[in-house]
Amino acid sequence: MPAYVVLGTQWGDEGKGRVVDLLAAHSDFVARYAGGDNAGHTIRVGDEVYKLHLVPSGVLHPGKRCAIGGGTVVNPLVLASELRELAERGIDISPERIMLAETAHIITPAHVALDKVNEAQRGDSAIGTTSRGIGPVYTDKAARTGLRAGLMRAPDLFIEKVKQHIEGKNRLLVDVYKTEPIDIDAALPDLHAAAAFLAPYLADVPLLLYQALQADKIVLCEGAQGTLLDIDHGIYPYVTSSSATVGGVITGLGIGPRYIERIIGVAKAFSTRVGGGPFPTELHDALGDRLRGTGANPWDEYGTTTGRPRRCGWLDTLVVRYAARINGLTELVITKLDVLSGFDALQVANSYTCNGAPVDTLPCELETHQDCQPIYQSIPGWQEDIMGVRSFSDLPSNAQSYVDYLEELTGLPVKTITVGPARAQTIER
Ligand code: IMP
C-alpha cells in the first residue's frame, strides 16, 4: 500500500527526475502531482539524454505505469509532442501505461500570451516565469473559469470551448493589455489534433491510484519545482502557482495521506535558482560560474525548459531544514556532490543576519527574506574526482564530513548521493 513522495527541497532543479528514475525501478506507478511544462527533468540512460516536462520520469522504465495528476496543468500541444518524441525513441507510450487525469487543467495559447504580458508589466519586479502560461491557468482554475482535460474526450466540443475561452482572453489582451490577440483560426487545428491524440489517455487517476495502493503496489509521487517555489510556502510572490510541497500530493493526485510512507527530499549539494527573487547564498563571482558549468553538458546549470543560466550559490541549510519541516521529510537525497570536488573550502549557510538580528529559521516574508545575509560555516573541501566512487566509505573523508554535517543539521538520514549524471553514478547507504 505505500506511496513514496519525491520532492524538491530548494528552488527546483535539484535532480528530482534523476531520483524518480532510480526509484521507479522498484515502483509500480509513477504519478506527477503538480505543475506543468515549466518543469524540466533531465535524465541520462546510457548514452541517451531525455528531457521531460510533463510525462513522469518513470516512463523510461519499461512496464511501469505513469499518471499525470489533476493537480497538474497541461498544454496539450506540449504533452502530445513529448509523447510522440518518446515513441520515436522507442519508448512505449500506450494509454495502458500512461494516463492523464480528466481533472487536470488545460493551458491554452491565451494563457501563454497572458503570462508574457503580465511579466512585461511587472518590469523590474518580474518573477522571471518560464512563459508557459502557468500563472494564468492556475488563476482560471481558482476562478472556476478553466478548461479541464476531460473535455478532450470530445475534441469538437473541446475546440468550441477553447474558442470561446480565447475570444474572452483576446478581449483582455487587446482592450486591457493593448497587445496583439491570439489568432484563433491558426491556433485551433493543432489543438484539435492534440485533443484527439490525447483523448485515449484520459483516466480517473485517483481511482487507479487507489486501486494500485489497495493492491499493495508502490506508487511513486513525483514533484515538480521545489519547496521555495510553492505557492503557499515559498517566498511569495517569487513562486510558481502550484503546490510543490507534500500537500500537493494529496490534492493533486487524490490519494489519502495515510498511504504516504516515505517523503524523500532531494537537495542539490549547492544551491541554484532561475528567475527573480531573493537568494541569500548566491555567488556573483568565478565560484558561482564554476558551480554553473559551461553549458557544454546537459546537466550543467542551465534551465531544461528555458535554457536560462541558473543563479548559483553555496548550500543553504536554512532552506533544506525548512523543507524538512514543511514536508515532514523522512530522508534526503543529495545530488551533484561531484560538482564540489576541487574547492579548497566549501561554505555552508546555517543562519542569517536579517535586518541586523541573528536568525536560524527561514524567514518566509519577502520583506525580511530579502534583507538576510548568510552566516557561513567553512568546511574543508576535497580535491579528488569522486565520479567513480560507488560506496560512501570510498568518498574522501572531507566529502563524507560534508554529508555528515548536512545530516546533523537536518536531523535526516542521507540515503542516496549522486556523483554524476549516469544511473550508475549513485551511492546508496
Ligand atoms: P512559472 O512557474 O513559469 O510561473 O515561474 C515562476 C517561478 O518559478 C520562476 O522564477 C521560474 O523560474 C520558477 N520555476 C518554475 N518552474 C521551475 C522549474 O522546474 N525549475 C526551476 N525553477 C522553476
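Lys336 lies in the loop between strand S15 (331-335) and strand S16 (345-354), strands being DSSP runs of E with at least two residues and helices runs of H or I with at least four, numbered from the N terminus. The model is a predicted one, in which local features need pLDDT of at least 70 and side-chain atom pairs count only at pLDDT 80 or more, while totals for chains, interfaces and linings use all residues. Residues are numbered from 1 along each chain as its sequence is written, and side-chain values use heavy atoms, with hydrogens and water left out.

Although Lys336 is not a glycine, its phi is positive, at about 60 degrees. Lys336 counts as buried because its relative accessibility is 17%; buried means under 20% relative accessible area, exposed over 50%, and partly exposed in between (1.4 Å probe, protein chains only).

A positive phi, near 65 degrees, also occurs at Arg144, a residue other than glycine. Arg144 is found in the loop between helix H4 (134-143) and H5, and with 76% relative accessibility it counts as exposed.

Helix H5 (residues 155-176) packs with helix H6 (residues 184-198) at an angle of about 145 degrees, their axes 10 Å apart. Here axes are lines fitted to C-alpha atoms, for helices over the stretch in contact, and angles run from 0 to 180 degrees between N-to-C directions. Residues in the contact (heavy atoms within 4.5 Å) include Phe158, Ile159 and Val162 of H5 and Leu188, Leu191 and His192 of H6.

A cis peptide bond, with omega about 5 degrees, joins Tyr236 and Pro237. Pro237 is placed in the loop between strand S10 (219-222) and helix H8 (247-253).
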